Amino acid sequence: MPSDQATPDFSIKPTLTGERVILRPFVDDDLDTFRTAVADPEVVRLTGSPADDTLDEERMRSWYGSRNAQTDRLDLAVVDRATGACVGEVVLNDWDPANRNCNFRTLLTAAGRDRGLGTEAVRLIVGHGFERLGLHRISLEVFAFNPRARRVYEKVGFVAEGVLRQVLRDGDDWVDATVMSILAPEWAAHRGRPERRGS
């Protein structure tokens, strides 16, 4: 979709297929994945979620049951093609229509980490954002204690813009977050593989 065309239709929830992952709309069986995720202290810490703000069963069922009906954001389940299991989610949210910007966030369970699934999932949804939704800018924040995630974002082409100092309380410590973004012209130049640019 050309970037100067109509407003993106977030009500369409696509299925995006890669070599290792499939991104698809949520189904009821995905709830087991997110029950596990909210009980995992590492997931809670890496996402900056308050430890005492876990979703109870009713709230979780309501939240994930309503994602496919949202018209101002795109939430998709991340499915491991090798096992068929849901291992997390990717989200484009905080849509700014005047400036064609979205925020990006992701959550992967332990079963989805350290096998390249996250990198491919990020490439798929960012590519969809630029190529199908006509976004101009996609941004995110990554905490300083999550270098693994930052490396994934850099591999896909996100660029560090600045630091939000001491934005998160982590036990007795304060943690910085780096603001990162990727722009449509950058994506067009490298399609999520900046290390291959010009080669």
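This is a predicted model: local features need pLDDT of at least 70, side-chain atom pairs count only at pLDDT 80 or more; totals for chains, interfaces and linings use all residues.
Reader: How much space lies in the largest pocket?

Author: Rolling a probe the size of a water molecule over the atoms shows where empty space is left. A pocket is an open set of points, on a 1 Å grid over the protein atoms alone, where a 1.4 Å probe fits, with protein on both sides within 12 Å along at least five of seven lines; lining residues have an atom within 4 Å of a point. Points are joined across faces, edges and corners, and a volume is the space filled by probe spheres set on them. Here the largest pocket holds about 1200 Å³. It is lined by 43 residues, and Leu-46, Thr-47, Arg-105, Thr-106 and Leu-107 are the closest to its centre.

Reader: Which element gives the most to that lining?

Author: Helices (H or I, at least four residues) and strands (E, at least two) are DSSP runs, numbered from the N terminus. Strand β5 gives the most to the lining of the largest pocket, with 6 residues.

Reader: What lines the second largest pocket?

Author: Its volume is about 330 Å³. Of its 15 lining residues, Gly-18, Glu-120, Arg-123, Leu-124 and Arg-193 lie nearest the centre. The largest share of this lining, 7 residues, comes from α4.

Reader: Is α4 buried or exposed?

Author: Buried means under 20% relative accessible area, exposed over 50%, and partly exposed in between (1.4 Å probe, protein chains only). In α4, 13 of the 15 residues are buried, so this helix is largely enclosed by the rest of the structure.

Reader: Where does Gly-18 lie, and what does it touch?

Author: Gly-18 is in the loop between β1 (16–17) and β2 (21–24), and counts as buried at 12% relative accessibility. Contact means heavy atoms within 4.5 Å. Apart from neighbours within four places in sequence, Gly-18 is in contact with Arg-81, Glu-120 and Leu-124. The C-alpha atoms of Gly-18 and Leu-124 are separated by 7.3 Å, although these residues are 106 residues apart along the chain.

Methods: Residues are numbered from 1 along each chain as its sequence is written. Side-chain values use heavy atoms; hydrogens and water are left out.
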